[in-house]
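Subject: Handing over the model

Dear colleague,

I am passing the structure on to you below, together with the sequence. Please look through it alongside the notes that come after it.

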Amino acid sequence: MMLLVAVDDIYCHDRPGAHGLLLFVGLIYPHLGHLISGRFDPDLRHRRLLFMLDGLYAGAVIGALEFAWLPSFVVCVICLFNWLVVGGIPLIGLGSAAMLAGALLSGSLPTAMSSAGLQSGCTALLWSTASLFVAYFLIVAYVIHRLIGALQHQQTILQANADAADAARSLAERALLAAFPRSVAKQLEATGKHVPEPLPAANLALIELAAFDTAPQDLAPLQATWDLCETILTRHGAELIKTFDRRAIALCRGDTGLQGLIDAAREILIHFSDHPVGPAGCPRRILIHRGSVTLGLVQPARLNLDFCGPGIEALLTLAAQAAELALQGLIVSPAAFRQLRSSEAFVAHPSEVDSPLCYLERSYLERSHFA
């Protein structure tokens, strides 16, 4: 805009320096405005003041050019575009008011409204105006092109980060499902913690494989056994909570969970009896008990999930007694036996006492005897 004023003074009116003060202000006000309202404003709340100062200076330039219509139009278009991009309609209104004030300060509006004042100006001024218009919008096009490129780059980075986050989330979900039963994994995923779950009447199953003669060199048979056991348990509404050594503990919630646990145990024993996978990979004994336990993380920092309570202690005690007596098959504790709707499938052991130690499934005994 200073170029337009200089060209108009020198080539159109032959009065160099007629608007020297306006040219001097044009040289220094952007730097002062940036220093006062921009550089020391960490929140950038007063940056719009610079664009209002632009409007004031642009109005002064229009007045100095005696309101020649083409230069005035180009200056107005440039200012309106800047205001619209930076501040929208409110800044357009404020900037227009500042522009009008600047025009009234440096020019005479009545003179401008006359036919002489609305002339387009001399040839040099017209060429300067056209050059300013082309140069400005070439710069704007370059800036927009750079911004679009930067936005596309940022979008690529954000998409890559989103894909990585989705992959990490999927991996974390699979890791939780691999380490915990589904009910616990869902709670950990949703809340980041597991609230201890008191179960006053939990249906528990202890699955025991055949004893190891030596330490296993290959864990593949154990992995296949526990995977199949978990599949069968899940089909009957039970969860495989944890495995340790050659044992695993399963849980089935609800009043009807006891029968589901018995059905799952029966299917597991029959399957491995018909399809043995090796002595160390076949379940030999499944014990079922009903008692009070609490399921929770006993070491939250290490995500160590375990049972605590008299129910698990009674189940492990029964397992030790069954091992001493070399009992095999499906074994039900007295507490679980009392909750069965039909007890004909089980026989007391020992049968000659009023309070037997446990109850053995009759069909498994007959199958083993026949075998």
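Predicted model: local features only at pLDDT ≥ 70, side-chain atom pairs only at ≥ 80, totals over all residues.

The protein is built with 12 helices and eight strands, and 36% of its 371 residues count as buried. Its exposed surface comes to about 21200 Å², of which carbon and sulfur atoms supply 63%.

In soluble globular proteins, nonpolar side chains tend to be buried together. Here the largest nonpolar core has 31 residues, and those that touch the most other members are Leu233, Leu261, Ile268, Ile286, Ile288, Leu330 and Phe346. Several elements each supply at least two residues of this core, namely the strands S1 (197–209), S3 (247–252), S4 (283–299) and S6 (329–332), along with the helices H8 (220–235), H9 (257–274) and H11 (334–337). The greatest share comes from H9, which gives eight residues. Apart from this core lies another one, of 27 residues, which includes Phe180, Leu318, Ala322 and Cys358.

Leaving aside neighbours within four places in sequence, Ile286 is in contact with Ala205, Leu206 and Ile207, with Ala265, Ile268 and Leu269, and with Gly329, Leu330 and Ile331.

Strand S4 also holds Arg290. Is Arg290 buried or exposed? Its relative accessible area is 16%, and because buried means under 20%, Arg290 counts as buried. The side chain of Arg290 is joined to that of Asn203 by a polar contact of 2.7 Å.

The other residue to look at is Met99, which lies in helix H4 (residues 69–106). With a relative accessibility of 10%, Met99 falls under the 20% limit and therefore counts as buried. Not counting residues up to four places away in sequence, Met99 touches Gly55, Leu56, Ala58, Gly59 and Ile62, as well as Cys76, Cys79 and Trp83. Between Met99 and Val61, which are 38 residues apart in sequence, the C-alpha to C-alpha distance is 9.4 Å.

With best regards

Technical notes
Residues numbered from 1 in each chain as written. Heavy atoms only, no water. Helix = DSSP H or I, 4+ residues; strand = E, 2+ residues; numbered from the N terminus. Buried < 20%, exposed > 50% of the residue type's maximum accessible area, 1.4 Å probe, protein only. Contact = heavy atoms within 4.5 Å. Areas by Shrake-Rupley, 256 points an atom, 1.4 Å probe, with all protein chains shown as cover. Core = buried A, V, L, I, M, F, W, Y, C linked by side-chain atoms within 4.5 Å. Polar contact = N/O pair within 3.5 Å; in protein donor to acceptor, adjacent residues only side chain to side chain.
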